[in-house]
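Visitor: Please take a close look at a single part and go through it slowly. How many disulfides does the count come to?

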Amino acid sequence: MCNTKFLAIFCSLLSITFVTSDLLSSIDCLNRGFSSDNLLCSNCHDLKQFKLNELENTCQQCCTHTDNGDDDEKGIKYSRAVLTVCTCKFGRYPQIEAFIKSNRPKQFPTFSFKHVPGAEPVLHLYNDKDENVQSLGIEKWDTDTLTAFLEENLQV
């Protein structure tokens with residue numbers, strides 16, 4: 001009987017912990033349709049424009065917060081960005097290829113592209129001291145997402 005009471009109390013506490021936790025595990029996020037590795041919290045607000053308000057809370061629990069502590073704060077976060085990818089992978093990432101071959105990179109003087117043999121597309125972000133402060137896998141980003149991210153987060 002004691003083990004049953006202990007188990008009931010333990011399960012109750014465990015469920016309270018999961019309910020009150022602000023963040024979901026990456027597996028829970030994937031099960032809900034969110035990839036926490038590539039999801040920026042600033043993108044969760046965009047769900048409203050598609051009348052998907054009910055997903056915003058889950059999105060916020062799965063997203064990656066930027067280093068400045070306030071995703072909504074408009075300001076310069078990064079002094080430069082370098083997109084690394086192997087050009088042999090352009091067939092798998094046509095949106096990345098389209099961005100690089102378009103005129104869009106010219107809008108960002110501190111953006112550069114670097115061919116790295118065998119590399120998946122990763123956006124490396126640098127601070128004013130030229131230290132790599134964040135690297136983001138952008139495999140699932142389209143040209144508009146990449147452009148919007150650079151406009152919002154890159155020093156021009």
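Guide: Start with Cys-86, which counts as buried because its relative accessibility is 4%; buried means under 20% relative accessible area, exposed means over 50%, and partly exposed lies in between, with a 1.4 Å probe and protein chains only. Cys-88 has a relative accessible area of 60% and is therefore exposed. This is a predicted model, in which local features need pLDDT of at least 70 and side-chain atom pairs count only at pLDDT 80 or more, while totals for chains, interfaces and linings use all residues. Residues are numbered from 1 along each chain as its sequence is written, and side-chain values use heavy atoms, with hydrogens and water left out.

Now the count: a disulfide is a pair of cysteine sulfur atoms within 2.5 Å, and this rule gives three disulfides.

Take Cys-29 and Cys-62, joined with 2.0 Å from S to S. The torsion about their S-S bond is about -95 degrees, so this disulfide is left-handed. Cys-29 sits in helix H2 (residues 26–31) and Cys-62 in helix H4 (residues 56–62), so the pair ties together parts 33 residues apart in sequence. Helices here are DSSP runs of H or I with at least four residues, strands are runs of E with at least two, and both are numbered from the N terminus. Cys-29 is buried at 0% relative accessibility, and Cys-62 is buried at 2%.

Another disulfide joins Cys-41 to Cys-63, with 1.8 Å from S to S. Here the torsion is about 85 degrees, so the link is right-handed. Cys-41 belongs to helix H3 (residues 41–44), whereas Cys-63 is in the loop between H4 and strand S1 (80–85), so the parts tied together are 22 residues apart in sequence. Cys-41 counts as buried at 1% relative accessibility, as does Cys-63 at 8%.

There is also a disulfide between Cys-44 and Cys-59, with an S to S distance of 2.0 Å. Its S-S bond has -80 degrees about it, and the link is left-handed. The pair links distant parts of the chain, Cys-44 in helix H3 and Cys-59 in helix H4, 15 residues apart. Cys-44 is buried at 0% relative accessibility, and Cys-59 is buried at 2%.

To put the pairs in order, number the bonded cysteines of the protein along the sequence: the pairing then reads 1-5, 2-6, 3-4.
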